[in-house]
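I opened the model to look up a helix, a side chain and a sheet. My entries follow.

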Amino acid sequence: MGDLGWRRLIAYDLVVSAPVVVILAAGQGTRMRSAVPKLLHPLCGRPMIAWPLAAAQEVGAATIVVVDGPERALEPSLGAGTVLAVQERPLGTADAVKTAGRHIDPQGTVIVLCGDVPLITARTISELTDAHTRSGAAATIATVVLDDPSGYGRVVRAPDGTVERVVETRAPGDATELELHIREVNTGMFAFEGAALLAALDEVRPDNAQGEHYLTDVLAILRTHERSVIAYEIADASETLGVNDRRALAEVRSLAQRRIHERHMLAGVTIVDPGATVVDVEVEIGQDTVIAPFTSLHGVTEVGERSSVGPNATVIDTRIGNETNVVHTYAKQADVGDRVSVGPFAYLRPGAVLREGAKVGTFVEIKNSEI
């Protein structure tokens, strides 16, 4: 193969490995019963929208587009490098993706995620992208098999194993009795060939009871143009859990917290009772440190090696050094050095700095001071 041929292969590989990721986030979230937009509700130290954003960034997306409503409520939380697209009216998921159309590369791969499905991992996004690319299909739908598929759109496969269509089940009569027995369901996540997606979006019509433009209709349109649609089954159903109300948020938070605990424990941290310990996603903890029960570590807290925190400690945006003991303490925006002893019943307020070897005993409160 000549040099030009290799350059073409390399360029193609770069396109494959760097998809455009579109995150649908324009829903109203009324079932949260909250003045706070659904996707700004905190989840283990991040707003919910930041979880799929972080996964897309870890994959190395070429562009990340978040589709928000006209209030643009999510814009302050998106950070640099993320593009905001505004869906002026709630006309459905296909219309939301079309709103992001000018950011879609016709020659590349487009991944569509849901902003209220926060547990999706970078690994799964990468595997979805790879499966789609290897297949040569126009579209790949991410599916999951559930014991109880009630309320989900059913994935109907053709005799050759490709996807024929997705049948919605929102209202009686949407699906046949046979289709309701299908356990493979639509997760709302997809991979598309950019050009095929853009062309099919122009053909989507609101021919349904809700009068909405469904993204799943793109699949049937692609098949009418003799393009193939395949399914990628996600093995871990927890990655597909959506959040529509506070009950679901609590369930997702429990799973996210377990992931965080497991990551730290596998890295050499002892968490004595994970069920009685809160650790936010950005917290860093060194090897051989012990986190005792009823301890909460929040924000950008850092804990060094061979330290002990808790029981009954709350630590927020604070640095704790190596071989330091913090017992029954509330610390916020403090700097605690190596081989320091704090507590019990100490209160470290913002600006408290404890140098190496310092000791802070019972019922001591410190702020804006260096010890």
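Just after helix H7, I find Glu226 with a positive phi of about 60°. Helices are DSSP runs of H or I with at least four residues, strands are runs of E with at least two, and both are numbered from the N terminus.

The model is predicted: local features need pLDDT of at least 70, side-chain atom pairs count only at pLDDT 80 or more, and totals for chains, interfaces and linings use all residues. Residues are numbered from 1 along each chain as its sequence is written, and side-chain values use heavy atoms, without hydrogens and water.

I moved to Arg46, in strand S3 (46-47). Its relative accessibility is 18%, so I log Arg46 as buried. Its side chain makes a polar contact with the Glu282 side chain at 3.1 Å (N or O atoms within 3.5 Å, one able to donate a hydrogen and the other to accept it; residues adjacent in sequence count only if both atoms are side-chain atoms). Beyond four places in sequence, Arg46 is in contact (heavy atoms within 4.5 Å) with His41, Trp51, Ala54, Val281 and Glu282.

Last, I traced an open sheet of five parallel-paired strands, ordered S14-S17-S20-S23-S26. S14 and S26 stand at the edges with a single partner strand each, so one side of each lacks a neighbour in the sheet. Pairing takes at least two DSSP bridges. Two bridges join S20 to S23; Arg319 has Asp335 as its bridge partner in S23.

Key
Buried < 20%, exposed > 50% of the residue type's maximum accessible area, 1.4 Å probe, protein only.
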